[in-house]
Amino acid sequence: MSIDILKNLDIFVRARYPIIYITTFEEGRADDYLIKIGRSRNKKVISWSQTRGLMPAGGGSQNAKSISEGSQDPMSALDYVLASHEPAIFIFHDFHPFLGDSTVIRKLREISTAIKESFKTLVIVSPVLKIPCELEKDINVIDLPLPAAGELAVLLNKMISDISDNRDIRIDLGSEDRELVIQALLGLTISEAENVIAKALVKNGALDSGSVPVILSEKEQIIRKSNLLEYYNTTENIADVGGLDSLKHWLNLRRLAFSEKARNFGLPAPRGILMLGVQGCGKSLCAKAVSALWQVPLLRLDMGRIFSSLIGSSEENIRRAVKVAESIAPAILWIDEIDKGFSGMNSGNSDAGTSSRVFGTFLTWMQEKKSPVFIIATANNISMLPPELLRKGRFDEIFFVDLPEAAERREILKIHLKKRMAPYESFDMNALIEASEGFSGAEIEQAIIAALFEAFYKNDGLKCEYLLKALAQTIPLSKTMKEDIDALRGWASSRAVMASKPLELSAGARPRRRLEF
Ligand SMILES: Nc1ncnc2c1ncn2[C@@H]1O[C@H](COP(=O)(O)OP(=O)(O)OP(=O)(O)O)[C@@H](O)[C@H]1O
Ligand SMILES: [Mg+2]
C-alpha cells in the first residue's frame, strides 16, 4: 500500500498536477513521502504552517528561522510559491481554514495556472477535506491509506532495537508472534501503533505473544474513539442462530474464503450480503455469528454517526471508516439498518445532497474495492433503499429473513431455553411451537424471559405452562404490522433468496412457503 501511495504521489508530481490535497491525520508520514520524492526528483521540499511560516521540510528545529520573512501569513506564503523559480514541492499543513477566504481561493487559482508550466507542486496536507467549488478542477485529492504491514514492521523493528539494551524488558517474538503483533496493529496510524506497542511493553514488561491481546484491546478503544466504527467482540456463535438454514449454509461454504488456499484456488473474495427482513428475526445476530464462524474481525458502521455534523463532513467520515476497514482486512463491515442511513436521499430535504454524495462514495467503493472487506448490510424497509444498491452485482446475495416456521421455532425455543438452563426436554414442544406461531425469534426470547420472571416470583423453576401463558399474552409484531410484512414478502419473493431452508417437494411438503397468519 505504501509503495502504491508513493508511486501515485510521484506520478502526480511528475505529471505536474499543480495542487494536490492529501487528507490524513499523519502529517509526518505524508511529509516523509514527499521528502523522498523531492530527493529522488531533485526538488527542494519546503513546508508551511501558520505558526512557523515557510521552512525546509523535515529536520528543521523548533528555533529554525523561516525562509521567508512574514510567511506565516498565508497570502505572503502563496506569493513566495508563485515567485520562486526553483523546482520544489511546497507542503502546506492544515491549510483548510484559509480555503474559505476568497482572496486565498483566487490566489490558488492563479498559482494553479502558473505552476503548470513550472517544476513546482503545491501540496495541502490536512485531516479535513475542504475544497471550495472554485478550486474543484484545480485540486487533486489523495487519501493517505493507513500504514501497511511493511511500515508497521519497520516501526516494530525500530522500537525493538531502541529498547534492546534495557534489561527490564523481555523480547520474545518468534516469526509467528511477530506476524500476529503486526496484524493486530493494522488499522492504526504510525503514532497510534507506537503508543500501543509502548503500552503493551509497560503493561507486561515484555513483548511476546501475550502482547497481542493488549494491542487488540487498545486498538478496539482507538477505533471506538473514532466514533464511526465499533470493533465488535462477538460472543455469538452460529449455533446460537435457530433456523435460517439456507443462509447458514451459504455462509458456511465461504468459511475459508479469505484464506490463502482459497486465493490460490482462484476463488474471488466474497463481496457481501444484504439481509432484509422482519424485525427481531436474527439479522443482527447472524452478522455477529459470521464473524466467529469466519474468524475475522467485525466492524460495525454506524450510519447515523456518518451523517452527524459533530464529527466531520459526512463524506470524509465514510472515507475514513472505509479506510480503517480496509487496513484491518480481511474484515467484516457490518452496516446495520442501512435503510435508515440512506433514508435522507429520498426525502427531498436539504440533507438529500449530502446523503447522495455519501452514498455515491460508498457505492463506488463497493464496486471497486479490492481488499477483502465483506459487507453485511441489514434492512427492514426496502422502500428506503436506493435501487442502485440493490442492483445485481453489488451484493453477492440478497437474503430475505422471514418469521420462523415451525421447525425453526423449535430450534429457537431450544437455544434460548438451554441458555437459561430450563428443563426443556420435559416441555410440550408442539404446544409451544403452536402458541408461538407468527412470533419472531426476539419475541420468543422475550416470552421466555417473561416466563422466567414469573417462575422467579413464584419461587419456582421455569415450567412449560408459564411459557405458554407468556406466549398467549404477547401480541406479535406480525399481527400489528401485518400489512408491512406482507409488502416486504411480496417484494422479496421475486428478488431475494429465502434465508430459511428451501422447501423440498417431498410428499406432504408445500410447494410454496405458507404464510403463517
Ligand atoms: N433465528 C434466531 N435464533 C436464535 N435467536 C434469535 C433468532 N432471531 C432472533 N433471536 C433473538 O432475538 C434477538 C434479537 O434479534 P436480532 O437483533 O438479530 O434481530 P434483527 O433481525 O436484527 O432485528 P431488527 O430488524 O429489529 O434489527 C437476538 O439477539 C436473539 O437473542
Ligand atoms: Mg438488527
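Modeller: Welcome! This is a predicted model, where local features need pLDDT of at least 70 and side-chain atom pairs count only at pLDDT 80 or more, while totals for chains, interfaces and linings use all residues. Residues are numbered from 1 along each chain as its sequence is written, and chains are lettered from A and ligands numbered from 1 in the order in which they are written.

Biologist: How far apart do the C-alpha centres of domain 1 and domain 2 lie?

Modeller: The chain is divided into domain 1 (2-143), domain 2 (149-225), domain 3 (238-400) and domain 4 (406-479), with bounds that come from an automatic or database domain assignment. Domain 1 and domain 2 have a contact that takes four residues from each, where contact means C-beta atoms, placed from the backbone, within 7 Å. Between the C-alpha centres of domain 1 and domain 2, the distance is 33 Å.

Biologist: Are helix 6 and helix 8 roughly parallel or roughly antiparallel?

Modeller: Helices here are DSSP runs of H or I with at least four residues, and strands are runs of E with at least two, numbered from the N terminus. The axes of helix 6 (residues 175-185) and helix 8 (residues 211-225) come within 9 Å and cross at roughly 5°; axes are lines fitted to C-alpha atoms, for helices over the stretch in contact, and angles run from 0 to 180 degrees between N-to-C directions. Angles under 35 degrees count as roughly parallel, over 145 as roughly antiparallel, 65 to 115 as roughly perpendicular and the rest as oblique. Helix 6 and helix 8 are therefore roughly parallel.

Biologist: Which residues of helix 8 make the contact with helix 6?

Modeller: From helix 6 come Leu180, Val181, Ala184 and Leu185. The residues of this contact divide into seven nonpolar, one polar and one charged (Ala, Val, Leu, Ile, Met, Phe, Trp, Tyr, Cys and Pro count as nonpolar, Asp, Glu, Lys and Arg as charged, and the others, Gly among them, as polar). On the helix 8 side, the residues are Ser211, Val212, Ile215, Leu216 and Lys219.

Biologist: Is Ala289 buried or exposed?

Modeller: Ala289 sits in helix 11 (residues 283-294) and touches Glu236, Asn237, Ile238, Asp240 and Val241, not counting residues up to four places away in sequence. A residue is buried if 20 or more other C-beta atoms, placed from the backbone, lie within 10 Å of its own, exposed if 12 or fewer, and partly exposed in between. Because Ala289 has 23 such neighbours, Ala289 counts as buried.

Biologist: Which residue does a cis peptide bond join to Ala329?

Modeller: Look at the loop between helix 13 (314-328) and strand 12 (331-335). The cis bond there has an omega of about 0°. The partner of Ala329 is Pro330.

Biologist: What is the phi of Glu337?

Modeller: Glu337 lies in the loop between strand 12 and helix 14 (338-341). Glu337 is partly exposed because 18 other C-beta atoms lie within 10 Å. Although Glu337 is not a glycine, its phi is positive, at about 55°.

Terms used. Two residues are in contact if their C-beta atoms, placed from the backbone, lie within 7 Å.
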